[in-house]
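Please keep the sequence and the model in view while reading.

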Amino acid sequence: MHDASDSQAKLTRLLGNAHAVLFDFDGPITDLFRGMTTAPVADEIKKTVRLHWGKLDQDVEDCEDSHGILLRLRDMADRPTEAHRSRYALDLAEARVTRHEYDIVRSARPVPHLDAVLDALLGLGLRLAIVSNNAEGPIREFLNAYDLQSGFDVIVGRDPKELHHMKPSPESVERAVRQLGLSPAGCVLFGDQLTDLAAAVAAGTRFLGFTGSPARSAEMTHRGADHVVSSLVPLLSAAKKLSQPE
């Protein structure tokens, strides 16, 4: 019980010192892929890009993740020896991932307690944003479907023309902080991936991890996460505690 109490107190302090919470989309907002692999999308992309570029690097061939393959293709295109690689193939790859995201958000649902958490955070006067490697269009479609759009002041999705800005790059986090008009130290990024944590550390924000995996939780803590939760319930409890007068 003592450990649980200390944990809740730490989370309450983290929120109490924040001016904004920046949510990752896939994980803290919705379990977008629900454990489903994106390997089929990655395979489609490989077939398409081979038609334009020919042989792909082995790290591209080995990748079975739709976001990971975009980063690897961009790395491949940026090498000085690959200057002949057409931007058109990268655009086709990014568009295919975006179509997949539109398809899947239409059957996605908010994570449990999301409405209550958003209301509680807004009630504390905190600003809310979304910073995601997903495309902005599908994110907005999901938010509109569940009437959640009004809670978020800023939405930063994947930049289709600059894939290197995807997390773990801090660029998207820094962009959201600038649009909010706040300092990085006053913002907490809430994410479920180590790439989210890396982006937060590089951008200078605080980081709240979200994972049900003890191994990933330990790794996040080891890498500098301020706190880690396995559901939104502790976040809701901390927000409610802060809203109560002393």
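Contact here means heavy atoms within 4.5 Å. Helices (H or I, at least four residues) and strands (E, at least two) are DSSP runs, numbered from the N terminus. The model is a predicted one, in which local features need pLDDT of at least 70, side-chain atom pairs count only at pLDDT 80 or more, and totals for chains, interfaces and linings use all residues. Residues are numbered from 1 along each chain as its sequence is written, and side-chain values use heavy atoms, with hydrogens and water left out.

Two packed helices are described by the angle between their axes and the distance between the axes. Helix α6 (residues 114–123) packs with helix α11 (residues 233–243) at an angle of about 30 degrees, and their axes are 9 Å apart; axes are lines fitted to C-alpha atoms, for helices over the stretch in contact, and angles run from 0 to 180 degrees between N-to-C directions. Therefore α6 is roughly parallel to α11, a term for angles under 35 degrees. From α6, Ala116, Val117, Ala120 and Leu121 meet Leu235, Leu236 and Ala239 of α11. The residues of this contact comprise seven nonpolar, no polar and no charged; Ala, Val, Leu, Ile, Met, Phe, Trp, Tyr, Cys and Pro count as nonpolar, Asp, Glu, Lys and Arg as charged, and the others, Gly among them, as polar.

Two backbone features deserve attention. Histidine 113, in the loop between α5 (87–105) and α6, has a positive phi of about 75 degrees although it is not a glycine. Lysine 167 and proline 168 are joined by a cis peptide bond with omega of about 25 degrees, and proline 168 lies in the loop between β3 (154–156) and α8 (171–180).

On a 1 Å grid over the protein atoms alone, a cavity is a set of points where a 1.4 Å probe fits but cannot get out, and a pocket is an open set with protein on both sides within 12 Å along at least five of seven lines; lining residues have an atom within 4 Å of a point. The largest cavity holds about 60 Å³ of space, and α8 gives the largest share of its lining, three residues.

The largest pocket is lined by 26 residues, of which Asp26, Phe33, Asp65, His67 and Gln193 lie nearest its centre. Its lining has six nonpolar, 12 polar and eight charged residues.

Conventions: Parallel < 35°, antiparallel > 145°, perpendicular 65-115°, else oblique. Points joined across faces, edges and corners; volume = space filled by probe spheres on them.
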